[in-house]
Amino acid sequence: PEHQKRTDLKMHGVASGSGEEAAMRRILTQHDHEEGAELFGELIKLTDSDPDIDEMGLLVSPKRKGPPFILEEHKLGIAFWCIAPLYSYAFKLFTAVVRTIKCGEAILPAAAKTLAESSRCILMINPDAHTCWNIRKRLIKSGKLMANKELRYLYVIFTKHPKSGAAWGHRRWILKQIPPFNDYMMMNGTTSSATAAIIANTTNKLGNHDHHQNVVAAPRRVNGDPKKEEEEEGEGEGEV
């Protein structure tokens with residue numbers, strides 16, 4: 001309904017009657033506001049309910065049959081049939097809100113929340129969406145996302161997508177934001193104990209994962225040329 005769509009747009013930080021609202025309406029179709037919006041809301045609610053999720057995977061089931069998501073013992077399953085509508089809605093929502101952000105201006109709280117949630121969904125499906133990682137970097141820098149929680153989120157991503165260079169690059173960027181951080185400092189206890197515990201736990205679990213060889217190889221790709229890494233951070237602006 002039109003009234004419901006207006007409420008949704010306002011919740012996402014888009015002012016009623018603005019040019020951004022009109023652009024957003026053109027991007028978000030009625031179909032997106034039905035199935036996709038419902039799946040998006042359900043997944044966000046589910047992941048928010050369990051901050052200790054430590055693994056994700058896809059569930060193969062007959063089309064439109066069975067629950068779209070399953071969460072048991074901190075393991076998240078996403079039904080294959082709901083990937084397309086969920087990704088479509090999250091992608092269009094993310095893109096629409098990004099377009100409302102003016103260069104050099106701070107991201108408002110409502111928009112920040114929507115960007116964090118929509119990029120969370122996008123990256124669980126497509127972890128090489130560079131624009132999503134770049135936006136999340138901005139949210140971390142502005143204090144709207146916590147670095148330690150982002151490390152936990154990355155671990156979940158790696159259980160499904162261990163070869164994602166973009167995700168590994170984002171992890172390395174986060175570690176650089178935690179001064180001082182390197183192997184020597186961590187061994188000597190100068191890194192915060194909470195952050196060190198998360199990093200150690202992530203590394204240990206990944207090392208024991210079925211995709212051990214892929215995970216071991218991934219850091220070698222992002223530990224190469226620092227200049228190339230900086231260039232990659234800027235890739236994908238305007239693309240997801």
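This is a predicted model: local features need pLDDT of at least 70, side-chain atom pairs count only at pLDDT 80 or more; totals for chains, interfaces and linings use all residues.
## Aromatic pairs

The structure holds 4 aromatic pairs. Two of them are described here, among them Phe40 with Tyr89. A pair of aromatic rings is described by the distance of the centres and the angle of the planes. For Phe40 and Tyr89, the ring centres lie 5.3 Å apart. Their planes meet at 55 degrees, so the pair is tilted. Edge-to-face would need an angle over 60 degrees, and stacked an angle under 30.

The Phe40–Tyr89 pair links distant parts of the chain. Phe40 belongs to helix H3 (residues 32-49). Tyr89 belongs to helix H4 (residues 83-98). Phe40 is buried, at a relative accessible area of 6%. Tyr89 is buried too, at 3%.

## Trp133 and Tyr153

The rings of Trp133 and Tyr153 also form a tilted pair. Their centres are 6.3 Å apart, with 55 degrees between the planes. The centre distance falls within the 6.5 Å limit for a pair.

This pair, too, links distant parts of the chain. Trp133 sits in helix H6 (residues 130-141). Tyr153 sits in helix H7 (residues 147-160). They are 20 residues apart. Both Trp133 and Tyr153 are buried.

Helix H8 spans residues 165-176, 12 residues in all. From first C-alpha to last, H8 reaches 17 Å. That is close to the 16 Å expected at 1.5 Å a residue. Of its 12 residues, 9 are buried, so H8 is largely enclosed by the rest of the structure. The buried set includes Trp168, His170, Arg171 and Trp173. Ala166, Ala167, Gly169, Ile174 and Leu175 are buried as well.

Trp173 also takes part in a contact with a charge. The charged end of Lys137 sits over the Trp173 ring. The distance to the ring centre is 5.5 Å.

## Glu117 in helix H5

Glu117 lies in helix H5 (residues 109-125). Its relative accessibility is 10%, so Glu117 counts as buried under the 20% cut-off. What does the side chain of Glu117 join in a polar contact? The partner is the side chain of Lys113, at 2.7 Å. In an α-helix, residues three or four places apart point the same way, because there are 3.6 residues a turn.

Leaving out residues up to four places away in sequence, Glu117 touches Phe40, Ile44 and Asp48. Phe40 is the buried ring that pairs with Tyr89.

Key: Residues are numbered from 1 along each chain as its sequence is written. Side-chain values use heavy atoms; hydrogens and water are left out. Rings of Phe, Tyr and Trp (its six-membered ring) pair if their centres lie within 6.5 Å; planes under 30 degrees apart count as stacked, over 60 as edge-to-face and the rest as tilted. Helices (H or I, at least four residues) and strands (E, at least two) are DSSP runs, numbered from the N terminus. Buried means under 20% relative accessible area, exposed over 50%, partly exposed in between (1.4 Å probe, protein chains only). A charge sits over a ring if NZ of Lys or CZ of Arg is within 6 Å of the ring centre and within 35 degrees of the ring normal. The expected span of a helix is 1.5 Å times one less than its number of residues. A polar contact is a pair of N or O atoms within 3.5 Å; within protein, one must be able to donate a hydrogen and the other to accept it, and residues adjacent in sequence count only if both atoms are side-chain atoms. Contact means heavy atoms within 4.5 Å.
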